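Welcome! Take a look at the structure, then work through each solution step by step.

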Amino acid sequence: MDIFDKYAQIAGRHDKVLELGTDPFGVRLDEILSATEARVDGRHTILVGTNNYLGLTFDEGAIEAAVEAVRTQGTGTTGSRIANGTYALHRQLEEEFAQFLGRRSCMVFTTGYQANLGMIVGLAGPRDVIYLDADSHASIYDGCRLSGAKVVRFRHNDPEDLDRRLARQQEGEAALVIVEGLYSMLGDVAPIAEFAEVKKKHGAWLMVDEAHSFGVFGERGRGVAEAQGVEEDVDFVVGTFSKSLGGIGGFGASSHPRFDVLRYCSRPYMFTASPNPASIASVRAALARIDCEPGLRGQIWANARQLHEGLAGLGFDLCSPMSPVIAVKMPDEGTAVWAWNRLLELGVYVNLAVPPGTPNGVCLLRCSVSAAHRSQQIEEVLGRFGQLAQELAAARA
Amino acid sequence: MTTTDDTIFREICGLVARFAPAGVQLRPETELASDLNVDSVAAMDLVMEIEDKYEIDIPINQLADMRSLGDLVELVRQQLKDR
Ligand SMILES: Cc1ncc(COP(=O)(O)O)c(C=O)c1O
């Protein structure tokens, strides 16, 4: 038996996708022209699927800080946070994050994925129960599995379902509820205020992953919990540096007085090399800019509105109310793959999202806007979506 | 199978009947994925329906080994017993 036999079915499905054009999971950006443009297959392409929400990947201050850090502190730390991998920079960023979030303490992880693993594994063990939203990101599911905790799934964005399930909880177990702020696939927002009421009623703990909402939601940019005025009720907040902050890495923060025990009890924090100095330095600069420039958020919301209204006007079926993640529903996988290829040919990159990576088996063209998009670029994108709409209609007729 | 198992089995058959291709008999050894084409997304919905019906929570840790209708009945029985 070949060790790869188990992938026969999924590989077959992937082969079918390849017959329709470019490999959606193997797109190569040959030249990065700006935060919103790249050369792909020789074509100038507008990027509308990057998670570069604030467009900070080319922020001058962040670039300079990264260059300075790599020159003075080297290319990598060659060690973990519990050995030789904690530099003054890591600590400074942790303090700045704690202050920005109004939390007692913050831990920096090497990726956002590892932040979820590290937080979940650190917080929940085999005697605990995790209640997670059914639409949670893979990193949350993986963290749950690694924790060894009992894992109960509740219906997406449904506080009443959580309430019913928590009411059935057995005595003597600690309960950790996990939700996200903005969901990355459909672009819908969690009713965190209602979840907070439920968790208080049952004495559970609440962790919110603000991966896609940090820097984007809330008056100060702290996320959906801030926007809903319930940060006090969120016990643990997780986020990533790879989206609005334009870097790589992740964080977990809390005001629990014993939180820092995770520094020597959470294996995904302990047994991996710490982020390199350049990453940390660029994130410090990006965080400082988010802190002092609320106008960045104004721009992304204006761009979100322009794209959302434009796509709705073209008759596309959009999954959620306006947010920087705009998911266009396609009738089936074949159409989704075809439309995704067509947009790429027309010089627009969006994300193709198909089951099982999507909730409820939907097939999506997932768009995300950036504050760095110019209004005219969004017009161009809408023009190409308009062409796509006509071609789809012609194919149906 | 005891009588209660039998009842649970019949009730669960009611819930999965919509997946069954014509001519497939529902038995305890009927496999959800290979015999009934219940994919992972559909299985998730099905489990939630069953949880609602019996007012139980089936931890996802226990779903990994679930293959057949009989396995599903056993999971429900276990949760009803622990309640
Ligand atoms: C909700 C959510 N959490 C965590 C992550 C992981 O972050 P990273 O890609 O920075 O590792 C992602 C995205 O990839 C995400 O969408």
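A contact means heavy atoms within 4.5 Å. This is a predicted model, in which local features need pLDDT of at least 70 and side-chain atom pairs count only at pLDDT 80 or more, while totals for chains, interfaces and linings use all residues. Residues are numbered from 1 along each chain as its sequence is written, chains are lettered from A and ligands numbered from 1 in the order in which they are written, and side-chain values use heavy atoms, without hydrogens and water.

**Exercise 1.** Find what share of the contacts in chain B with a separation of 6 or more joins residues 24 or more positions apart.

*Solution.* Take the contacts in chain B with a separation of 6 or more; residues 24 or more positions apart account for 52% of them.

**Exercise 2.** Describe the secondary structure of chain B and how compact the chain is.

*Solution.* Start with the elements: chain B has three helices and zero strands (DSSP runs of H or I, at least four residues, for helices, and of E, at least two, for strands). From the N terminus, their order is α-α-α. Next, the radius of gyration of chain B is 12 Å, close to the 12 Å from the globule rule for 83 residues, so the chain is as compact as a globular protein of that length. The radius is taken over C-alpha atoms, and the rule is 2.2 Å times the number of residues to the power 0.38.

**Exercise 3.** Work out what percentage of chain B is buried.

*Solution.* Apply the cut-off, under 20% relative accessible area with a 1.4 Å probe, protein chains only. Of the 83 residues in chain B, 42% are buried.

Key. Buried < 20%, exposed > 50% of the residue type's maximum accessible area, 1.4 Å probe, protein only.
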